[in-house]
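Hi everyone, thanks for coming. I'd like to walk you through a structure today, so please have a look at the screen.

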Amino acid sequence: MLRTEELSYRTAGRTLVDAVSLQAAPGETVGLVGPNGSGKTTLLRCIYGTLTPTGGRALLDGDDLHAIGAKRRARRLATVPQETPAGFELTVREIVAMGRAPHKSFWAADTAEDDRIVDAALSRVGAGELATRRFAGLSGGERQRVLVARALVQEPALLVLDEPTNHLDIRYQLEILGLVRSLGTTNLLALHDLNLAAYYCDRLYVLEQGRAVASGPPAEVLTPELLAEVYGVHAEVAEHPATGAPTITYLPQRVSGDVPYLGKYDAVPTGEPHPSGM
């Protein structure tokens, strides 16, 4: 069980994460959504350890993640970052094997058990045939699969992913999120695409200016009213007949000084030309 208690992060006089409390149960996939700059990445970094919270705590199965030390934390929590490293000239297998480091002493050689775990992770993400290829030469979707495999060989209880579909075409977006859902780990991920978040996440937390302003199942959270308030957009939300998940259709808008919408926007009336001329 992951739980944050009033987690906050403040730097240079700015509060980037403001007393956020959330939880993710074992085996659950929980999404963080919100506009750019709402604090999603900062919150994740406070959880997986690259930033130290200035207030509150992040707990995994009751243990403070910032009190147990980096090596112990890496045995229980793995992350797939937003930016994919180039990997220099390392092969895929070498990149994945790096995930065994938390379970080994610094100079220890790989064992037969390490090799078995790496092979199993590559197979599980469908990347076994990539093992001898150079990581730097892979496509974006292939790289993400390899990074998920590297996270898996850490044998974590919690997997944290920051925009795992960033820069991927739609096929790879669906494949990566489907893969994450199938792993059986507890998953916490930040996503921009609300339709993907609605389909692949059990619950969502909506962040705005560093605060969690809504949480719950996607069908309860992703309402036209919330999208108007948090994102400043007109939208229709309906249950998709095939998936049963809420599906969002965004409606055209224009900047208007005469009839403001939430102080900023006004819908383009039916039949009126689009501001772009289209």
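I'll talk about the cores, then a pair of helices, and finish with helix 9. Please keep in mind that this is a predicted model.

Let's begin inside. In soluble globular proteins, nonpolar side chains tend to be buried together. Here, the largest nonpolar core holds 52 residues, and Val96, Leu122 and Val146 have the most contacts within it. Which helix gives the most to this core? That's helix 5, residues 140-152, with six residues. The core also takes at least three residues from each of domain 1 (1-76 + 156-215) and domain 2 (85-155). There is a second, separate core too, with 26 residues, including Val17, Val20, Ile68 and Ala190.

Let me stay with Val146 for a moment. Leaving aside residues up to four places away in sequence, Val146 touches Val92, Ile95, Val96, Leu130, Phe135 and Leu138.

Now for the helix pair. Helix 5 packs with helix 6, residues 170-182, at an angle of about 10°, and their axes are 10 Å apart. Angles under 35 degrees count as roughly parallel, so helix 5 is roughly parallel to helix 6. On the helix 5 side we have Gly141, Gln144, Arg145 and Val148, and they meet Tyr172, Glu175, Ile176 and Leu179 of helix 6. By class, that contact has four nonpolar, two polar and two charged residues.

Last stop, helix 9, residues 224-231. Leu226, Leu227, Ala228 and Val230 are buried there. The cover over the buried residues of helix 9 includes helix 7, helix 8 and strands 9, 10, 11 and 12. After helix 9 comes Gly232, with a positive phi near 70°.

Note on methods. Residues are numbered from 1 along each chain as its sequence is written. This is a predicted model: local features need pLDDT of at least 70, side-chain atom pairs count only at pLDDT 80 or more; totals for chains, interfaces and linings use all residues. Side-chain values use heavy atoms; hydrogens and water are left out. Buried means under 20% relative accessible area, exposed over 50%, partly exposed in between (1.4 Å probe, protein chains only). Helices (H or I, at least four residues) and strands (E, at least two) are DSSP runs, numbered from the N terminus. Contact means heavy atoms within 4.5 Å. A nonpolar core is a set of buried Ala, Val, Leu, Ile, Met, Phe, Trp, Tyr and Cys residues joined through side-chain atoms within 4.5 Å. Domain bounds come from an automatic or database domain assignment. Axes are lines fitted to C-alpha atoms, for helices over the stretch in contact, and angles run from 0 to 180 degrees between N-to-C directions. Angles under 35 degrees count as roughly parallel, over 145 as roughly antiparallel, 65 to 115 as roughly perpendicular and the rest as oblique. Ala, Val, Leu, Ile, Met, Phe, Trp, Tyr, Cys and Pro count as nonpolar, Asp, Glu, Lys and Arg as charged, and the others, Gly among them, as polar.
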